[in-house]
Amino acid sequence: MKRFLDLADFTREEILDLLALAQSLQDVPQPRALAGRNLGLLFFNPSLRTLASFQAGMARLGGSSFVITPGQGTWQLETRLNAVMNGGAAEHIREAIPVLASYCDALGVRAFAEGRNLDLDLGESLFRTIDALCDKPLVNLESAVNHPCQALADWRTLDETGVPNRGKFVLSWVYHPRPLPLAVPAATLHMAAMRGMEVVVLRPPGFALPPAIMEKARRAAAAAGGTVTETDDRTAALAGAHVLYAKEWGTTTYYGDVEADSRLRAELGHWCVRERWFDGAAPDAKLMHCLPVRRNVAVADEVLDGPRAVVKREAFNRLVVQMAVLHRMLA
Amino acid sequence: MKRFLDLADFTREEILDLLALAQSLQDVPQPRALAGRNLGLLFFNPSLRTLASFQAGMARLGGSSFVITPGQGTWQLETRLNAVMNGGAAEHIREAIPVLASYCDALGVRAFAEGRNLDLDLGESLFRTIDALCDKPLVNLESAVNHPCQALADWRTLDETGVPNRGKFVLSWVYHPRPLPLAVPAATLHMAAMRGMEVVVLRPPGFALPPAIMEKARRAAAAAGGTVTETDDRTAALAGAHVLYAKEWGTTTYYGDVEADSRLRAELGHWCVRERWFDGAAPDAKLMHCLPVRRNVAVADEVLDGPRAVVKREAFNRLVVQMAVLHRMLA
Amino acid sequence: MKRFLDLADFTREEILDLLALAQSLQDVPQPRALAGRNLGLLFFNPSLRTLASFQAGMARLGGSSFVITPGQGTWQLETRLNAVMNGGAAEHIREAIPVLASYCDALGVRAFAEGRNLDLDLGESLFRTIDALCDKPLVNLESAVNHPCQALADWRTLDETGVPNRGKFVLSWVYHPRPLPLAVPAATLHMAAMRGMEVVVLRPPGFALPPAIMEKARRAAAAAGGTVTETDDRTAALAGAHVLYAKEWGTTTYYGDVEADSRLRAELGHWCVRERWFDGAAPDAKLMHCLPVRRNVAVADEVLDGPRAVVKREAFNRLVVQMAVLHRMLA
């Protein structure tokens, strides 16, 4: 495996193979599998889980890693092609990516959406550039509209917690003070569709996921025997749900317009998940979230501290599935 | 050992055992003892010695480590229970601590005193929360009123430099432009008491250590055959002293009141250790300090660059004793 | 080898031996050569290549490393002797350097020029202090007027790309919005002279390299059978050139005077390397640069993206030659 950029690049069987490898590495640790192998990690954006789990994962497999964080010990990097670099950025990714790739055996890069132009972000313009510049195995640590490591960890979490393959998976918009990127909603939507679930996207007006993301998920659902629908009716959405996957994202109607986004979300503070949201759900319905989660803003304490929440297991599964990805790439 | 939070949690014999293990690891290195073991390090506050010595110590025992620094590549973490998280912090420690713990075999956390409410800080309210959230071995890298790694390193330094168990140990307040926490004075006071020394706390008016800290030390001294007294008379305190342990801390009379603290310390610039302070001390009396030390503000060059100063040995002993702690926890 | 501070500290034969060791480690990896060895890395200034390549290099040889970055997770360090430390710096290098050295088997330090007093910078006053404080092997990761790791990597790059030992090497000043230090131009000039090349320093008025640097290079050239001259005539300089080494640096006529420097460079924006610069050069003349490079400010895209540019190979060679240095120091 040379690239881990998007679950959609793999067949359902390949994903199931990866999940089986993840389980196998849990059952029988391979502490020397990646001896002598080195992973470079480049973070254009902050991280907790990703940083810790990739460094720990490499170490658990006997390998090593280094971290480069532009703006934190490393200068800012320019990403625009043909830029006249007389501003704050001292180095272009056209040099930085190949150079870092030359130091390691695989490179992981986190580069959030720019959040200005929806088409550019949907097209993964930045990550495609990074992809083209990297001649080593490359892992997407979250790009403009994808987060395959999170999606794979979520898939494993659904399996572990006994959520049926044909179960009802509700991806719900929740409140956040600011617009967040579409990477996790897009990736988890695709994952649930690919798993063959009955997927419902629940979101208030102005926050519909872009047609390109919905269509891609519908195609995956069709292939796997599932469905993808969308609504702003919370009661209908959650009726019989096995999973409520809470996630914050910015307006897509006025993408990149922070003021319009702010006006839209001003009245949406009640989109904070509470226990009563589950009234019509399946009895043991789960609450999932990729973390970080703002308590009592996106999800209430009563839910996060109750038995429905499997958010910490999701986060642990980041480590587990990423070790499988690294093993497949480097062992 | 599942916790290393406070020397007071251990018997004197257990501490001596740890110190013996530390020596044994120096005499006969065990470069594979922690092979495959991973230490997570979470720094809410800056660090030089702690960061470097824990990473180096794990490596010397064949293990690995990762570092998470909220505000430096990782977002800010919320620590208040039941907070409505609509401010600067993106994640709560109720998620972050268990998640990080799930990635590693032991977790070290540095979380200084909040410095607002003395009772909360004395009660270690934050670290108790962290303790309850962590299901892996946990090391205190400095909490509100404790720093057991420093205290253990100091104990070893006393042993190495031939300071008698019954010797006179003077913990002296020294000047600093701002109020610093009570963690090191409290921890080293307890250590010297537990070692059975004649301990004197020398401090100007307004900077007495809180009764709870003094009482805890007196109990330890009583058990070990030593004493703990306090004074603001420098000449009396240093008469016959074997060790002057210099440390900066904030006013306890007006705890958390930065302006009152500033007024109190405005006249105390002469509390900078000079060679003449040792006029009545034992001939080879030592100067100890946990570092970082502000030269010519807390301690003069003439002392730090002279033969009394064992501050660099103290710092080296951080590595030595922490390797024993890690070995006891993880080998 | 206890010190790697300046290529001038070594004979030409010793450098050739290091380069041969570098090649040998590429041909036959030694993934356990530095097992159990730990490298401390102290960065007073930002880094991308140096940080990543030293961490990766230690890992590839089976060793480990830690990173300390004052101002990024570690407090600021004071460097002035006899300072009264009542300002922003919490710790002096007189403590920090020996303490960090005590934790590791070798220490690397990056400390750029202060850029105020040319004589102090030329005298390497700060790095000499660091040198005296460090009782472990020490690597210069870039000091006031030196960067031996870069120079050694450049030497290897010249060999690899078939540039003749007696070839013409043009070190050319190029534009940058701000004055940069003299470390790389001084180090690469010395390297090319030591290699025996026909070296020409091309720079606009006000940016001549200091006599001490030129004289040192001329002595190295004389010993190796090469020459060192300087000019502001670009056409003459580049006639028949085998290598154009582009580098930014600040005015030496008004060293440390940012306003004077700004006025001088205001008219020098055309010192951005373009393909036409090579009109009179050798047909396959190379473009070298230590990186980071500001595209279309210091060097145009058309050159960096063309076949002349060997800047990524230079950067990769940092890893290769540094592994030889570490091996020589620690194996």
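**Entry 1: what I am looking at.** I note at the outset that this is a predicted model.

**Entry 2: symmetry.** I began with chains A and B. Chain B superposes on chain A by a rotation of 120° with 0.0 Å of shift along the axis, and the RMSD is 0.0 Å. I therefore wrote the two copies down as related as by a three-fold rotation axis. Which C-alpha of chain B is nearest the axis? It belongs to B:Q72, and it is 3.9 Å from the axis. I then repeated the superposition for chain B on chain C, and again got a rotation of 120°, a shift of 0.0 Å and an RMSD of 0.0 Å. For that axis too, the nearest C-alpha in chain B is that of B:Q72, at 3.9 Å.

**Entry 3: chain B against chain A.** I looked up the contact and found 26 residues of chain B touching 29 residues of chain A. On the chain B side, strand 2 (38-43), strand 3 (64-68), strand 5 (91-92) and helix 3 each supply at least two residues. Helix 3 of chain B gives the most to this side, with seven residues. By class, I recorded 13 nonpolar, eleven polar and two charged residues on the side of chain B that touches chain A.

**Entry 4: chain B against chain C.** Here chain B contributes 29 residues and chain C contributes 26 residues. Helix 2 (49-60) and helix 12 (311-330) of chain B each supply at least two residues of the side that touches chain C. Which helix of chain B gives the most to that side? Helix 2 does, with eight residues. The classes on this side of chain B are 17 nonpolar, six polar and six charged residues.

Entry 5: I picked helix 12 (residues 311-330) of chain A and helix 3 (residues 93-103) of chain B, whose axes come within 9 Å and cross at roughly 35°. I noted the crossing as right-handed. From helix 12 of chain A, the residues involved are A:V311, A:K312, A:A315, A:F316 and A:L319; they meet B:E95, B:P98, B:V99, B:S102 and B:Y103 of helix 3 of chain B. By class, this contact has seven nonpolar, one polar and two charged residues.

**Entry 6: the core.** The largest nonpolar core holds 367 residues, and A:V199, B:L244 and C:V199 have the most contacts inside it. Leaving aside neighbours within four places in sequence, C:V199 is in contact with C:F169, C:L171, C:L189, C:A192, C:A193, C:A217, C:A221, C:G226, C:T227 and C:V228.

**Entry 7: one residue, A:D131.** This residue lies in helix 5 (residues 125-133) of chain A. Not counting residues up to four places away in sequence, A:D131 touches A:L5 and A:L138. I also looked up A:R308, 177 residues from A:D131 along the chain; their C-alpha atoms are separated by 38 Å.

Key: Residues are numbered from 1 along each chain as its sequence is written. Chains are lettered from A and ligands numbered from 1 in the order in which they are written. This is a predicted model: local features need pLDDT of at least 70, side-chain atom pairs count only at pLDDT 80 or more; totals for chains, interfaces and linings use all residues. Two residues are in contact if their C-beta atoms, placed from the backbone, lie within 7 Å. Helices (H or I, at least four residues) and strands (E, at least two) are DSSP runs, numbered from the N terminus. Ala, Val, Leu, Ile, Met, Phe, Trp, Tyr, Cys and Pro count as nonpolar, Asp, Glu, Lys and Arg as charged, and the others, Gly among them, as polar. A nonpolar core is a set of buried Ala, Val, Leu, Ile, Met, Phe, Trp, Tyr and Cys residues joined through C-beta atoms within 7 Å. A residue is buried if 20 or more other C-beta atoms lie within 10 Å of its own, exposed if 12 or fewer, and partly exposed in between; C-beta atoms are placed from the backbone. Copies are superposed by least squares on the C-alpha atoms of residues with pLDDT of at least 70 in both. Axes are lines fitted to C-alpha atoms, for helices over the stretch in contact, and angles run from 0 to 180 degrees between N-to-C directions. A crossing is left-handed if the near helix is turned anticlockwise from the far one by less than a right angle, and right-handed if clockwise.
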